[in-house]
Amino acid sequence: MANFEGHALPGSFFLIVGLWWSVKYPLKYFHQKGKNSQLNHNYPRLEIIEAAVRTLFPIIGILAEQFVPDGPYLHLYSGAHWVKLMNWQHSTMYLFFAVSGVTDMLTYLTTSVPLGVDRLVMAVAAFTEGFLFYYHVHDRPPLDQHIHSLLLCPVFAGVIVLFIEVMVRDNIILELFRTSLVILHGTWFWQIGFVLFPPFGTHEWDQKDHANITFITTCFCWHYLVALCIVAVNYSLVHCFLTRVKRHRDGEILGIHQLKSGHSYHSALLSGSDEE
C-alpha cells in the first residue's frame, strides 16, 4: 500500500518481533548459562507460539495488501493490464516471511527438519524483501529512492547474520545483532511512512532537496543507535531481574535449610533430655 498505513503495518510487525527478541535471547542465554532445566523444557513451546505469531503477521499483511478498497483483490492481470503490481510485490514479501514462520513451527514440531533450515528460510525471506525493494523505487524522486535504499542496509546485513547462524547456532552476539537490525527495520518503516506520507496533515517533505537527503542519512544512524540502546537496556533488565529472582530463591532455600537444621537440633535436645 502506497500510503502511511502501508509502511506502519510492516514496521509494527518488525518492531514487535525485535522487541520480543531483545527479551527472549538474553533470557535464554542467562538460563542456559545457569543451566535452568525449566526453561529448556518450555523453550520449544515458546518457539512454536512465536513462530505462529510470525506466521499470522504476514497473513494479515497479505490480506491488507490484497483487499484494501483500491487493492487488486487477487487479480494479477486484467483487461490487458497488470493490476496493482506494487501490492503484489508487498504480498510476495509477506508470503516469504509467512513461509519462514511455518518452517520455524515445523522445526520444533517434528524432528525430520534438519537443524538450521529455519535460519536458512528466514535468510531467504529477508533476501527476497531486499531484492524486491531494490527494484521497488526506480523512477522515483531522489528522497524516495534514498530512504528506501537505506532500508536495504539492515535487510542484507540480517541476511548475512542469518546465513552465519545456519552454521553457528545459539550465539548470543549474533542473535542480539540480528535483533538490533530487526528493530531498526521496524522503526525505519515508520520513518519512511512519516517522510513520504505525512499523517495528520503535516507539511510534506521536498523530495528533491539534497538537505533532506543528508538529514535522513543522519537520522538513519540515530535510529540504529536507539535500536542498540533498546537491546542493551533490555539485556540489562533481564540480567537484573534474573539475578534478583535467583537471590530470592536462594534466600528461601537457605531459610528452609536453616529451619530444618534448627528443627533437627531441637529434636536432638529433646532426645537427650528424655534419655537423662
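Colleague: Is Cys229 buried, partly exposed or exposed?

Modeller: This is a predicted model, and the value is computed from it. Buried means under 20% relative accessible area and exposed means over 50%. Cys229 has a relative accessibility of 41%, so Cys229 counts as partly exposed.

Colleague: How many disulfides are there?

Modeller: A disulfide needs two cysteine sulfur atoms within 2.5 Å. Take Cys221: the closest cysteine sulfur is in Cys153, 9.1 Å away, and that is too far for a bond. By this rule the number of disulfides is zero.

Colleague: What is the order of helices and strands along the protein chain?

Modeller: The protein chain has seven helices and two strands. Read along the sequence, the pattern is α-α-β-β-α-α-α-α-α.

Colleague: Which residues touch the most other members of the largest nonpolar core?

Modeller: In soluble globular proteins, nonpolar side chains tend to be buried together. Here the largest nonpolar core has 37 residues. The members that touch the most others are Ile147, Leu151, Trp188 and Ile216.

Colleague: Which helix supplies the largest share of this core?

Modeller: Helices H1 (4-33), H3 (85-109), H4 (117-134), H5, H6 and H7 (210-275) each give at least two residues to the core. The largest share is ten residues, and these come from H6.

Colleague: How are H5 and H6 oriented to each other, roughly parallel or roughly antiparallel?

Modeller: Two packed helices are described by the angle between their axes and the distance between the axes. Helix H5 (residues 142-167) and helix H6 (residues 172-196) pack at about 165°, with axes 10 Å apart. An angle over 145 degrees counts as roughly antiparallel. H5 and H6 are therefore roughly antiparallel.

Colleague: How many nonpolar residues does the contact of H5 with H6 have?

Modeller: H5 passes H6 in a left-handed crossing. By class, their contact has four charged residues, four polar residues and, for the nonpolar class, 19.

Colleague: How are H1 and H6 oriented, roughly parallel or roughly antiparallel?

Modeller: H1 and H6 pack at an angle of about 160°, and their axes are 7 Å apart. The cut-off is again over 145 degrees. H1 and H6 are therefore roughly antiparallel.

Colleague: How many nonpolar residues are in the contact of H1 with H6?

Modeller: The crossing of H1 past H6 is left-handed. The residues of the contact divide into three charged, ten polar and, as nonpolar, 18.

Colleague: Is His223 buried or exposed?

Modeller: His223 lies in helix H7. Its C-alpha is 6.2 Å from that of Leu184, although His223 and Leu184 are 39 residues apart in sequence. The relative accessibility of His223 is 14%, which is under the 20% limit. His223 therefore counts as buried.

Colleague: What share of the residues in the protein chain is buried?

Modeller: The share is taken over the 276 residues of the protein chain. Buried residues make up 41%.

Colleague: Is Leu74 buried, partly exposed or exposed?

Modeller: Leu74 is in the loop between H2 and S1, and has a positive phi of about 70° although it is not a glycine. Tyr73 is found in this loop too; its phi is near 55°, and at 39% relative accessibility Tyr73 counts as partly exposed. Leu74 has a relative accessible area of 54%, and the limit is over 50%. Leu74 is therefore exposed.

Key:
Residues numbered from 1 in each chain as written. Predicted model: local features only at pLDDT ≥ 70, side-chain atom pairs only at ≥ 80, totals over all residues. Heavy atoms only, no water. Axes fitted to C-alpha atoms, helices over the stretch in contact; angles between N-to-C directions. Helix = DSSP H or I, 4+ residues; strand = E, 2+ residues; numbered from the N terminus. Parallel < 35°, antiparallel > 145°, perpendicular 65-115°, else oblique. Left-handed = near helix turned anticlockwise from the far one by under 90°. Nonpolar A, V, L, I, M, F, W, Y, C, P; charged D, E, K, R; others polar. Buried < 20%, exposed > 50% of the residue type's maximum accessible area, 1.4 Å probe, protein only. Core = buried A, V, L, I, M, F, W, Y, C linked by side-chain atoms within 4.5 Å.
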